[in-house]
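Please have the sequence and the structure open while I talk.

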Amino acid sequence: MTPDVRDRADRPARLDARPADTCPIPESSWDRALRLISQADEVALACHVTPDGDALGSMLAVAFVLRSMGKRVVASFGDRHFAVPRLLRFLPGQEMLVPPSDYPAAPELMIVFDSSTFERLGLLGPNAAVARELVVVDHHPSNAGFGTLSLIDAKAAATAMLAEQLVYRLGGRLDRDIATCLYAGLVTDTGSFRYSSTTPAVHQMAARLVATGLHTDEIARELWDRSPFGYLKVLAAALDRVELEGGLVWTYVTRVDRAAYGLPYAELEGIIDIVRRTDEAEVTVVLKEDDQGDWQVSTRSKGTADVAAVCAALGGGGHHNAAGYTSHDTVEETMAKFRRELGKVS
């Protein structure tokens, strides 16, 4: 059952225990962002295509605060087949989402979350390119700052940490809806606090969010412990194909695999976390064929190899230990190019 965080006693927590202000974003940038928001009647929000918990959670958390300020809020992501991934349908605030076709063509003020390039915005990339003001809130090291204002901290474990800063600076309150969205982002991008990006500041933020009365077990169940039966069949196919080449382990999932069980593309996200468990693998790659026939390449590193550099060379980006890109080649050609670039950073 989807957790309903709103049917329990609401114990809002003021942001008196403010998030530590240690990020490298200049105060002048925060001040300008606040001025832009205060002057806007409508704020258009967006996050990357096929959103994960950090992208969608960060966007919705800020949307709640903007709405409470009396702003008109429109929020979306640029997928051709617009649908919230099943595992994120427990997040509150989805009534503020609109399909890309209903998004302002040339927003006066647009704020994008967890997106390192225009391309990651999918169908909303052209909207962002002509926005009068484009504020980029992100934590990807590969983000060179493609907006008119950058709120980027490459050392932050999740974009949700920057979203919390923005919530605080806008004078917002941490209620359970906002905390649920931010917590989903925080646990998603830290691997439920297992990744090396987990710092004392991460745990301090988690404590602030949990203090609102979150039922973290229910959130964890929605994010990691649910899947349709067809997922097991598709996972079995992926594991049957898995290859181990020295310190590289890789596999792929086709559209045909998914179609046999009616499994949406978004359900494939967790496969790489299973494949990467093998002791022998320093680098893990999972190729996932999307509905258009392109290969979405997800990569993970256990620390030595910089997969962000590899993916950037192939048109993508991400973090040192987790990155991705899109390939229009065959599986064989995709892996050949990946091996070549991996050899340059290993």
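Predicted model: local features only at pLDDT ≥ 70, side-chain atom pairs only at ≥ 80, totals over all residues.

**Sheets and helix packing**

On the aromatic side, W250, Y252 and W295 form one aromatic cluster, and the count of aromatic pairs comes to five.

Now to the other sheet. Five strands form it, in the order β3-β2-β4-β5-β6, and this sheet is also described as open, with parallel pairing. Which strands stand at its edges? They are β3, residues 72–77, and β6, residues 149–152, and because each has a single partner strand, one side of each is left without a neighbour in the sheet. On average, and with direction ignored, neighbouring strands of this sheet are turned by 20° against each other. Further in, strand β4, residues 109–113, is joined to strand β5, residues 133–138, by five bridges, the two running parallel; among the paired residues, F113 has V137 in β5 as its bridge partner.

Helix α4, residues 159–169, lies across β4, β5 and β6, at about 125° to β5.

That brings me to how the helices pack against one another. Between α2 and α4 the angle is about 5°, with the axes 9 Å apart, which means that α2 is roughly parallel to α4. Here D54, S58, A61, V62 and V65 in α2 meet T159, A160, A163, L166 and V167 in α4, and the residues of this contact divide into seven nonpolar, two polar and one charged.

Helix α4 has a further contact, with helix α1, residues 27–39: the axes of α1 and α4 come within 11 Å and cross at roughly 60°, and α1 and α4 are therefore oblique to each other. The crossing in which α1 passes α4 is right-handed. On the α1 side the residues are E27, W30, L34 and I37, and they meet L162, Q165, L166 and R169 in α4; by class, that gives five nonpolar, one polar and two charged residues.

The last pair is helix α5, residues 176–189, with helix α6, residues 200–210, which pack at an angle of about 150° with their axes 9 Å apart, so that α5 is roughly antiparallel to α6. Their crossing is left-handed. And what classes of residue make up this contact? A179, L182, Y183 and L186 in α5 meet V202, M205, A206, L209 and V210 in α6, and by class the contact has nine nonpolar, no polar and no charged residues.

Definitions and conventions:
Residues numbered from 1 in each chain as written. Heavy atoms only, no water. Pairing = 2+ DSSP bridges. Helix = DSSP H or I, 4+ residues; strand = E, 2+ residues; numbered from the N terminus. Axes fitted to C-alpha atoms, helices over the stretch in contact; angles between N-to-C directions. Contact = heavy atoms within 4.5 Å. Parallel < 35°, antiparallel > 145°, perpendicular 65-115°, else oblique. Left-handed = near helix turned anticlockwise from the far one by under 90°. Nonpolar A, V, L, I, M, F, W, Y, C, P; charged D, E, K, R; others polar. Phe/Tyr/Trp six-rings, centres within 6.5 Å; stacked < 30°, edge-to-face > 60°.
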